[in-house]
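This report describes the fold of a single model. The sequence and structure come before the details.

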Amino acid sequence: AQGGMDGQGQGQMTHLDLAVGRNRYSNLDVPIECTVGKWKDLLAKGDYGAKILYPERLTCRSAATGPVLQDAEPLPEPPARLHVEGPHAV
C-alpha cells in the first residue's frame with residue numbers, strides 16, 4: 001500500500017467503486033466516512049499511486065447525470081459508484 005493507505009493510522013477502511021468515463025474501478029480502499037474533499041486530498045498526496053496535481057478540478061457525482069457532490073459530502077457506498085469527470089490533464 002502507498003502513502004499510508006495500508007490502514008496504519010487511518011482508522012477503519014471501507015471500499016469505493018469508481019467510474020471515470022467508461023472505465024470502472026472497484027473496491028478502492030477509503031477511510032470510513034470519507035468525504036469527497038478528503039478523497040481529493042488523498043489523490044493529491046498520491047495515496048492511490050501517482051499524485052494528481054489538480055484534484056479540485058474533478059467533478060464528482062453519485063450518479064452519472066446526478067447533481068455535483070460538494071467537498072463536504074460523503075462518498076457513495078457500494079453498490080453505488082462515484083462518477084468522476086474533469087480535464088484529462090489533472
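## The E1–E2 hairpin

Gly21 takes a positive phi near 60 degrees in the hairpin of E1 and E2, where two residues lie between the strands. E1 and E2 run antiparallel and are joined by seven bridges. Leu18 stands opposite Tyr25 in E2. Helices (H or I, at least four residues) and strands (E, at least two) are DSSP runs, numbered from the N terminus.

## Basis of the model

The model is predicted: local features need pLDDT of at least 70 and side-chain atom pairs pLDDT 80 or more, while totals for chains, interfaces and linings use all residues. Residues are numbered from 1 along each chain as its sequence is written, and side-chain values use heavy atoms, with hydrogens and water left out.

## The sheet

Four strands form an open sheet of mixed pairing, in the order E2-E1-E4-E3. E2 and E3 are the edge strands, each pairing on one side only. On average, neighbouring strands are turned by 35 degrees against each other, direction ignored. Two strands pair if DSSP finds at least two bridges between them.

E3 and E4 pair in the antiparallel sense over three bridges. Here Cys60 stands opposite Val84 in E4.

## Helix H1

H1 spans residues 36-45, and its buried residues include Val36, Trp39 and Leu43. Buried means under 20% relative accessible area, exposed over 50%, partly exposed in between (1.4 Å probe, protein chains only). The cover over the buried residues of H1 includes E1 (13-20), E2 (23-31), E3 (59-61) and E4 (81-85). Just after H1, Gly46 takes a positive phi of about 85 degrees.

Terms used: Contact means heavy atoms within 4.5 Å. Axes are lines fitted to C-alpha atoms, for helices over the stretch in contact, and angles run from 0 to 180 degrees between N-to-C directions.
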